[in-house]
Amino acid sequence: MSNIGSYEKRLSDFDWGQARETLGWKDGELLNIGAMCSDRICAEGHGERTALIWEGFGNKSGKYTFDDLRLYSNGFAQFLKDQGIKPGDRVCIFMDKIPSLYFSFLGILKLGAIAQPLFSAFGDESLEVRLASAGTKAILTTKKHVKKVRKIRERLPELETIVVVEGNPSKLRDDEVFFDVEEAPKVDVFDVYKSTPETPSVLHYTSGTTGQPKGALHVHSSVWGQALTTSWVLDLKPDDVYWCTADPGWVTGTSYGIIGPWSLGVTQCVLDSGFTSRRWYQFIQDNRVTVWYSAPTAIRALMKDGDEVVKEFDLSSLRFLASVGEPLNAEAVIWSGEVFNGLQFHDTFWQTETGAMMITNYPGMEIRPGSMGMPFPGITACVLDLKTHEPLTEPGKVGLIAFRPGWPSMFRQYWKKPDIYRSKFVGASDDAMPDQLRTDTSLWYVSGDRASIDKDGYYWFVGRDDDVINTGGHLVGPFEIESALVEHPAVAEAAAIGKPDEVNMEVVKAFVTLKPGFEPSDDLELEIMNFIRKRLSPLAMPQEIEYMDKLPKTRSGKIVRRYLKALEWGEDVGDLSGLDDD
Ligand code: 6R9
């Protein structure tokens with residue numbers, strides 16, 4: 001029997017109090033995610049249960065119980081406190097998916113500080129932009145990645161503490177501290193910060209069309225939404241072995257790779273090594289994974305490697321599969337059903353901003369391959385007319401996916417950007433403050449995605465309503481890439497768009513004009529690509545650069561990415577009357 005039971009029944013008698021019941025949480029108990037994912041599970045008598053099964057590069061591996069989680073998160077909390085970190089300070093976690101990432105995440109929250117996880121693949125420029133924006137006070141990293149921090153440190157006056165958690169302590173600079181939590185004296189008792197439901201917890205950076213990435217701020221009561229969706233959608237039960245393939249630099253890796261499952265006391269697996277189909281299937285086989293949450297790009301890559309590889313492994317432990325991040329094409333759903341003992345991937349739709357799943361397919365419900373499913377109980381969703389912003393009632397009509405504010409895991413603000421926060425709500429008055437917006441159920445929060453709803457209430461994704469590039473489930477802002485491109489000595493102007501890709505759905509393509517004295521060449525193309533890879537990340541690196549004499553612009557001088565994208569995708573270029581044609 002699935003945890004959700006009947007979707008219709010859950011819809012009819014829903015209230016968010018059911019999240020408390022699911023967690024066994026009583027009024028007056030401490031609401032601190034760090035403690036809920038560790039201390040509380042131990043207090044319930046499950047300290048000896050395995051919390052984390054970890055495998056890394058080489059033959060490195062580790063197994064940790066919930067009691068280890070408790071002790072090591074205490075260790076990080078105490079250490080950071082001793083370093084002068086205070087509640088509300090932003091502490092960045094910048095490392096590969098090693099165990100310390102998970103321990104420190106919970107430790108930061110136990111201290112009442114705000115965890116700011118960033119992909120370790122980020123280059124120095126991507127890192128700098130996000131640390132500067134958040135006024136980050138401390139960064140936790142490893143020997144492998146600390147060099148990037150050193151490069152930018154001088155430009156970050158608010159960054160006071162650099163902690164290296166792995167590597168060789170002897171080769172650090174004077175202003176860096178070494179801390180190996182597993183070697184340090186155990187901290188059995190830590191006085192956990194008395195967070196309230198509205199205490200900030202996690203700050204995730206996400207890209208938009210314009211400007212640099214924005215920090216979506218979450219709070220400790222997000223756990224209600226994360227735990228309930230984990231229970232009802234992923235169907236996790238205490239004896240499951242669960243694998244979320246996402247990196248915690250991405251919201252999926254924190255909401256469903258840390259908070260949801262551990263708040264429910266479920267064993268999680270983490271694989272920190274490069275992707276190959278065999279490595280992944282081996283991991284499932286070795287650890288007897290039962291529930292698997294992944295992303296369409298990975299699923300398409302597995303599909304490409306074919307059915308025969310799947311048959312080399314015993315994957316009979318699997319019982320439930322789900323996916324997030326990009327459109328999950330019908331072929332991938334059907335294929336998964338054919339090769340994984342009849343199990344089809346359940347698509348789930350949500351965003352950094354929503355903090356938890358919003359539209360999903362549920363255990364036991366008929367999957368319509370290609371559809372994202374239906375709104376989670378407690379979520380009021382619709383699609384709004386593209387122009388009037390009125391809810392559409394006619395089945396099949398394309399509009400903007402929108403939600404009524406007020407669900408627990410909703411982001412509380414964009415860090416120091418109240419105007420951009422406000423712009424996400426249809427019907428908001430010009431002076432509305434974030435706290436009013438997030439509770440005003442007469443407004444609609446607009447996701448920035450287009451979809452249609454069929455006559456039975458299933459949602460069908462159509463595309464994004466902006467220029468953000470979704471490559472392998474990761475959002476990359478064109479502005480960030482363009483800003484970095486024009487820093488290259490040869491580039492005069494630049495535009496970045498997503499171009500179709502069989503596995504990653506989109507990859508970055510850049511159009512550039514060159515400065516006088518530079519000639520287009522393949523060598524220059526490679527040089528520019530590497531420049532972006534190092535400064536931003538491998539994901540943001542253009543896979544192709546097209547040289548142009550001039551870029552298409554509006555009369556007011558804005559580069560029209562829409563035009564370049566339409567040409568690239570072979571679509572109608574639309575109304576170009578605003579373009580500069582001289
Ligand atoms: C969790 C996460 C959010 C954007 C979202 C949309 C795309 C996510 C999707 C999907 C089609 C799905 N997206 N899930 N598109 N089908 N099931 O992905 O957060 O990184 O903020 O991305 O990703 O465009 O608006 P985030």
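Reader: How many disulfides does the structure hold?
Author: The structure holds 0 disulfides. Keep in mind that this is a predicted model.

Reader: Where is the nearest cysteine sulfur to Cys 92?
Author: It belongs to Cys 244, and it is 19 Å away. Cys 92 is in no disulfide.

Reader: Is Cys 92 buried or exposed?
Author: Buried. Its relative accessible area is 0%.

Reader: Switching topic. What is the secondary structure of the chain?
Author: The protein chain has 19 helices and 27 strands.

Reader: What box do the C-alpha atoms fill?
Author: Roughly 75 × 65 × 60 Å, taken along the principal axes.

Reader: How much of the chain counts as buried?
Author: 60% of the 582 residues. The chain exposes about 23100 Å², and carbon and sulfur atoms supply 50% of that area.

Reader: What about contacts between residues at least 6 apart in sequence?
Author: Of those contacts, 68% join residues at least 24 apart.

Reader: Now helix H19. Which of its residues are buried?
Author: Arg 561, Leu 564 and Ala 566 are the buried residues of H19, which spans residues 561-569.

Reader: What covers them?
Author: The cover includes helix H17 (478-485), strand E25 (491-501) and strand E26 (505-514).

Reader: What happens just after H19?
Author: Gly 570 takes a positive phi of about 70° there.

Reader: Which residue has a positive phi although it is not a glycine?
Author: His 389 is one, with a phi of about 65°. Most residues other than glycine have a negative phi. His 389 lies in the loop between strand E17 (381-384) and strand E18 (399-403). At 31% relative accessibility, His 389 counts as partly exposed.

Reader: What about Met 505?
Author: Met 505 is not a glycine either, and its phi is positive, about 65°. Met 505 sits in a strand, E26. That strand is part of the cover over the buried residues of H19. Met 505 counts as partly exposed, at 21% relative accessibility.

Reader: Why partly exposed rather than buried, at 21%?
Author: Because buried means under 20% relative accessible area. Met 505, at 21%, counts as partly exposed.

Reader: Last one. Where does Val 476 lie?
Author: In strand E24, residues 474-476. Val 476 counts as buried, at 7% relative accessibility.

Reader: What does Val 476 touch, not counting residues up to four places away in sequence?
Author: Its contacts are Ser 207, Val 468, Ile 469, Thr 471, Ile 481, Leu 539 and Ala 540.

Reader: How far is Val 476 from Thr 209 in sequence and in space?
Author: The two are 267 residues apart in sequence. In space they are 8.8 Å apart, C-alpha to C-alpha.

How values were computed: Residues numbered from 1 in each chain as written. Predicted model: local features only at pLDDT ≥ 70, side-chain atom pairs only at ≥ 80, totals over all residues. Heavy atoms only, no water. Helix = DSSP H or I, 4+ residues; strand = E, 2+ residues; numbered from the N terminus. Buried < 20%, exposed > 50% of the residue type's maximum accessible area, 1.4 Å probe, protein only. Contact = heavy atoms within 4.5 Å. Areas by Shrake-Rupley, 256 points an atom, 1.4 Å probe, with all protein chains shown as cover. Disulfide = S-S within 2.5 Å.
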